[in-house]
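Hi everyone, thanks for coming. Let's take a look at the structure together, and I'll talk you through a helix and then a couple of pockets.

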Amino acid sequence: MLNSGRLRLLSLLETLGTVRAVAETLHLSASTVSQQLAVLETETRSRLLERTGRQVRLTPAGLLLARRGREILDRMAEAEAELQALNDEPIGTVRLGAFQSAIHTLAVPAATRLATTHPRLRLELIESEPHESGPALRSGEADVIVTTTDYTGLSWGADLEVIPLGIDPIVLVLPRGHPLACRTAVNLAACAEETWAGDRPRSYMAELTVRLCRESGFEPRVACRFSNYLLALRHVESGRSIALLPALAVTPDHDVVTRQLSPPVHRNITIVVRRGTTRRAGVHAVVAALRDHPEIPVLSAPHQRPGREQHPPMP
């Protein structure tokens, strides 16, 4: 009989790539993970791993079981939720990953509403940027994510269900009194000599900023890199930089000026779940709470298509 814990280890190994990464994620020793995977090979009478030096990779049988194992784990969670909630009341824990600008605008309000409507449902919020949340969803570390399908570093296959949530403009953030603040919209070519506050390397906003600046004919001169938008906004407030940020990230308590880009740029905000998991009462309740959000002025309805899309719509 297959063991769910060992199936999870194998699924995580496919996603994370190394035994050490699996061990660190689950707070286990690498030797414990290796031993459990060896037991799984014995149980299945199959060679699941190929060892090359100190590294391992999944065999075709290992890949098959890892992917089927993820489906099995989802079905088990669904069955447990159904047994716990025969009266259709969502119960248990749902892990919601969201990028930081969606935490205070979408995730926390959804959690507040769910605490009232479904008090036996525990929602665990995880800050997870677009380059992190897709792998977390596939590995089972997250059950629902709020992300953007415009991020090119991710693949969106038939195993995932993408639910459009809205459209968020990308805005130029300037210190109050900056000469460009007198314009209604700014072409980035006018910013060639500016100093920039940037996001972490390889993150969605860092890559988008570099790409848009290069398309406008210059390489951005980056003075600082912050993983927290609050720090970036404070740096802009000080007059030492400008930045490109999602409009959701800029709240009225920051002493900055925002201007649309010319031509406009936006990102598509979506909810993503593993296909079929919305049948779980808890996952369904979280998705419904995210979609039923109060009006957010900067977030357009998903059927509207303002500005230029950065990438073709994903399935």
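Which residues of helix α8 are buried? Keep in mind that what you see here is a predicted model. Helix α8 runs over residues 229–237, and its buried residues are Tyr229, Ala232, Leu233, His235 and Val236. They all sit on the same side of α8, because they cover an arc of only 160° around the axis.

Now have a look at the two ends of this helix. At the start of α8, a side-chain oxygen of Asn228 comes to within 2.7 Å of the backbone nitrogen of Leu230. Just after α8 you'll find Gly239, with a positive phi of about 85°.

The largest pocket holds about 500 Å³ of space. It's lined by 23 residues, and the closest to its centre are Leu73, Ala77, Arg95, Asp143 and Arg280. Elements giving two or more residues to that lining are α1, α4 and β3. Which element gives the most? That's α4, with 8 residues. Sort the lining by class and you get 6 nonpolar, 9 polar and 8 charged residues.

Then there's the second largest pocket, at about 320 Å³. Its lining includes Thr18, Arg20, Ser34 and Leu49. Here α2, α3, β1 and β2 each supply at least two residues, and α3 gives the most, with 3. By class, this lining splits into 5 nonpolar, 4 polar and 3 charged residues.

That's my tour, thanks!

Methods: Residues numbered from 1 in each chain as written. Predicted model: local features only at pLDDT ≥ 70, side-chain atom pairs only at ≥ 80, totals over all residues. Heavy atoms only, no water. Buried < 20%, exposed > 50% of the residue type's maximum accessible area, 1.4 Å probe, protein only. Helix = DSSP H or I, 4+ residues; strand = E, 2+ residues; numbered from the N terminus. Arc of directions from axis to C-beta. Polar contact = N/O pair within 3.5 Å; in protein donor to acceptor, adjacent residues only side chain to side chain. 1 Å grid on protein atoms, 1.4 Å probe; cavity = no way out; pocket = protein on both sides within 12 Å on 5 of 7 lines; lining within 4 Å. Points joined across faces, edges and corners; volume = space filled by probe spheres on them. Nonpolar A, V, L, I, M, F, W, Y, C, P; charged D, E, K, R; others polar.
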